[in-house]
Amino acid sequence: MHSFFASFEMKALDSLRIFVTTQRKGSLSAAARSLSLSPATISRRISAMEEELGVQLVDRTSRNLKVTEAGQAFLERAEAMLELMNEAEQAVHNARERPEGRLRVHSRTHIGLRVLAPLLPRFAELYPDIRVELELSEHPINLVDQDFDVDVRTGESNDSGFVIKRLLSSDEVLVASPAFVKTYSRIRHPTDLPQVRCLTYRRDREVTTWKYIDQAGEQKELLIQGVLSANNGELLRLAAIGGMGVALLSEATVRDDLRDGALVRLLPEYRFAVRAFSNGIFAVFRQSRVLPLKVRAFVDYVAEAMRSETG
């Protein structure tokens, strides 16, 4: 195995990438789509590596793509080598002092539409050599396995393998249309909320609870039976503007609506949260001794642009 690593050429490096990508994707077909190669080509390249190394890397008797014990040991070293090569390439790119290349960004749909989308035209003007691929979804993602550079989220991550940067302090706020507030003027305390029409963010059939901190500083929890539940904050925002009920949304996503009078904030003397009091929007990206310029440019730009909006 040592002789293989010591004498590898670019073709061998490509084979390492093919092997690692195949294991991350979990199948030949998924890796083929990711690498724009045929499954047959990928299979041949892995077989050639096995012949070169003199060991079996993949168990071909399993219906699923499964690495052998030797394959697992090889995979760990291959990933480490590819990371070193990526850092070396990035150091060369950074030396040019011009951010460039493909930048893959993931965000929850509501944050992406309401917060990130308005910032992208100016970013494109400042960094014309960066090609942004923004993917919006309501599901947590794995930066490494799904090949994203940055994940923009409202909750912090506990994974020590990633860098977490706060882009903006932004509480979740209770909002409703002026007409709805006029009709339901009796909302004086958080405990009134279960008795009024609420619009809730819901995922995987989970029970919806809203948390709040009372005036004594204690955290309380409310069971909310919404008249509308959805796994998309933008839909809830539009329903709230239409007078359908009370929604609990990130302040950053409804700032313009509050300023324009399309929405009114309720019970501002209390802090609310859907799951946790994360108090912000965060960028999560991989740790690296050499941070890619394209990642640094995007994160710094978005953080500054968001601060300017609040200022």
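Let me start with Ser 36, which sits in the loop between helix 3 (28-35) and helix 4 (39-53). Helices here are DSSP runs of H or I with at least four residues, strands are runs of E with at least two, and both are numbered from the N terminus. Before going on: this is a predicted model, where local features need pLDDT of at least 70, side-chain atom pairs count only at pLDDT 80 or more, and totals for chains, interfaces and linings use all residues. Residues are numbered from 1 along each chain as its sequence is written, and side-chain values use heavy atoms, with hydrogens and water left out.

Back to Ser 36. Its phi is near 60°, a positive value in a residue other than glycine. Most residues other than glycine have a negative phi. Ser 36 is exposed, with a relative accessible area of 66%. For that word I use these cut-offs: buried is under 20% relative accessible area, exposed is over 50%, and partly exposed is in between, with a 1.4 Å probe and protein chains only.

Leu 267 also has a positive phi, near 45°. Leu 267 belongs to the loop between strand 13 (264-266) and strand 14 (271-273). Is Leu 267 buried or exposed? At 7% relative accessibility, Leu 267 counts as buried.

Next, Ser 170. This residue is in the loop between strand 6 (162-168) and strand 7 (172-176), and it is buried, at a relative accessible area of 5%. What does the side chain of Ser 170 make a polar contact with? The partner is the side chain of Ser 250, at 3.0 Å. A polar contact is a pair of N or O atoms within 3.5 Å; within protein, one must be able to donate a hydrogen and the other to accept it, and residues adjacent in sequence count only if both atoms are side-chain atoms. A polar atom of the Ser 170 side chain also lies 3.0 Å from the backbone nitrogen of Ala 252. Leaving aside neighbours within four places in sequence, Ser 170 is in contact (heavy atoms within 4.5 Å) with Ser 250, Glu 251, Ala 252, Asn 279 and Gly 280.

Arg 271 forms a salt bridge with Asp 171, the closest N and O atoms being 3.2 Å apart. A salt bridge here is a side-chain nitrogen of Lys or Arg within 4 Å of a carboxyl oxygen of Asp or Glu, and the whole structure has 18 of them.

Another one joins Asp 149 to Arg 286, with the closest N and O atoms 4.0 Å apart. Asp 149 is in the loop between strand 4 (130-137) and strand 5, and Arg 286 is in strand 15, so this pair ties together parts that are 137 residues apart in sequence. Asp 149 is buried at 16%, whereas Arg 286 is partly exposed at 27%.

Now the core. The largest nonpolar core has 26 residues, and Val 150, Val 152, Leu 167, Ile 281, Val 302 and Met 306 touch the most other members. By definition, such a core is a set of buried Ala, Val, Leu, Ile, Met, Phe, Trp, Tyr and Cys residues joined through side-chain atoms within 4.5 Å. Elements that each supply at least two residues to this core include strand 3 (101-108), strand 5 (150-153) and strand 15 (281-286). Which helix gives the most to this core? Helix 11 does, with 9 residues.

Finally, strand 5. Both faces are covered: Val 150 and Val 152 on one side, and Asp 151 and Arg 153 on the other, are all buried. Strand 5 pairs with strand 3 in the parallel sense over 3 bridges, where pairing needs at least two bridges found by DSSP. In that pair, Val 105 stands opposite Val 150. Strand 5 and strand 15 run antiparallel and are joined by 4 bridges, with Val 152 opposite Ala 283.
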